[in-house]
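Subject: Handing over a structure, with notes

Hello,

Please find the structure below, followed by my notes on what was found in it.

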Amino acid sequence: MNKIFPFNKFITGFNIIKANGGPLNAFKKLFRHDELKIGTLVGTDEMGNRYYENNTYFYGRNRWVEYNDQVYLNYDASQITAEWYGWIHYKTDLLPYNDPNRPKYKWMAKHTENETGTERQYVPYSTMPPKIQAWVPPNKN
């Protein structure tokens with residue numbers, strides 16, 4: 001009977017939509033993330049990113065991050081903080097707040113995202129005169 005009428009697929013689909021906040025919120029999340037998943041919220045970082053895990057999915061697809069809603073479609077992988085980087089990339093199974101060996105010193109800088117391509121990007125300057133002069137076309141006058 002399940003081969004003719006796959007009711008379990010419909011039930012799973014309805015459960016996914018319900019877990020993502022109803023049809024409208026599920027559509028918004030599908031637009032933003034290109035997929036809908038059900039998972040357990042395992043933590044958040046100081047940037048507002050939410051980290052999820054569901055071990056019924058395949059290895060390599062069972063951990064994911066939902067970026068802060070304030071960045072909307074301008075999210076990028078450099079927004080994952082260093083504390084969560086090891087967990088999301090399967091370097092460790094310990095969550096950052098459960099890892100006793102993780103150093104946290106006062107002198108450590110806070111995480112900043114990569115700002116290449118924005119007006120806040122780092123642009124080095126040179127104190128040496130340029131070795132090559134730009135060509136200036138002659139006037140036709």
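Predicted model: local features only at pLDDT ≥ 70, side-chain atom pairs only at ≥ 80, totals over all residues.

In these notes a residue is called buried when its relative accessible area is under 20%, exposed when it is over 50%, and partly exposed in between, all with a 1.4 Å probe and protein chains only. By that rule Val65 is buried, because its relative accessible area is 14%.

Residues are numbered from 1 along each chain as its sequence is written, and side-chain values use heavy atoms, with hydrogens and water left out.

The sheet

Helices (H or I, at least four residues) and strands (E, at least two) are DSSP runs, numbered from the N terminus, and two strands pair if DSSP finds at least two bridges between them. Here three strands form an open sheet in the order β1-β2-β3, with antiparallel pairing. Since β1 and β3 stand at the edges and each has a single partner strand, one side of each is left without a neighbour in the sheet.

Val65 has its place in strand β3 (residues 63-66), and although 14 residues separate Val65 from Tyr51 in sequence, the two are 4.5 Å apart in space, C-alpha to C-alpha. If contact means heavy atoms within 4.5 Å, then Val65 touches Asn49, Arg50, Tyr51, Ile80 and Ile88, not counting residues up to four places away in sequence.

A nonpolar core is a set of buried Ala, Val, Leu, Ile, Met, Phe, Trp, Tyr and Cys residues joined through side-chain atoms within 4.5 Å. The largest one here has nine residues, namely Val42, Tyr51, Val65, Tyr67, Ile80, Trp84, Trp87, Ile88 and Leu95. Helix α3 (residues 82-88) gives the most to this core, with three residues.

Salt bridges

Side chains of opposite charge can pair when their charged atoms come close. A salt bridge is counted when a side-chain nitrogen of Lys or Arg lies within 4 Å of a carboxyl oxygen of Asp or Glu, and a search of the whole structure finds eleven of them.

One of them joins Arg61 to Glu35, with the closest N and O atoms 2.8 Å apart. This pair links distant parts of the chain, 26 residues apart, with Arg61 in the loop between β2 and β3 and Glu35 in the loop between α2 (22-33) and β1. Both are partly exposed, Arg61 at 45% relative accessibility and Glu35 at 30%.

Which residue forms a salt bridge with Glu66? The partner is Arg50, and the closest N and O atoms are 3.5 Å apart. Glu66 lies in strand β3 and Arg50 in strand β2, so this pair ties together parts that are 16 residues apart in sequence. Glu66 counts as buried because its relative accessibility is 5%, whereas Arg50 is partly exposed at 21%.

Arg50 also meets Asp69 in a salt bridge (3.8 Å, N to O). A network of salt bridges links Lys29, Arg32, Arg50, Glu66 and Asp69.

Best wishes
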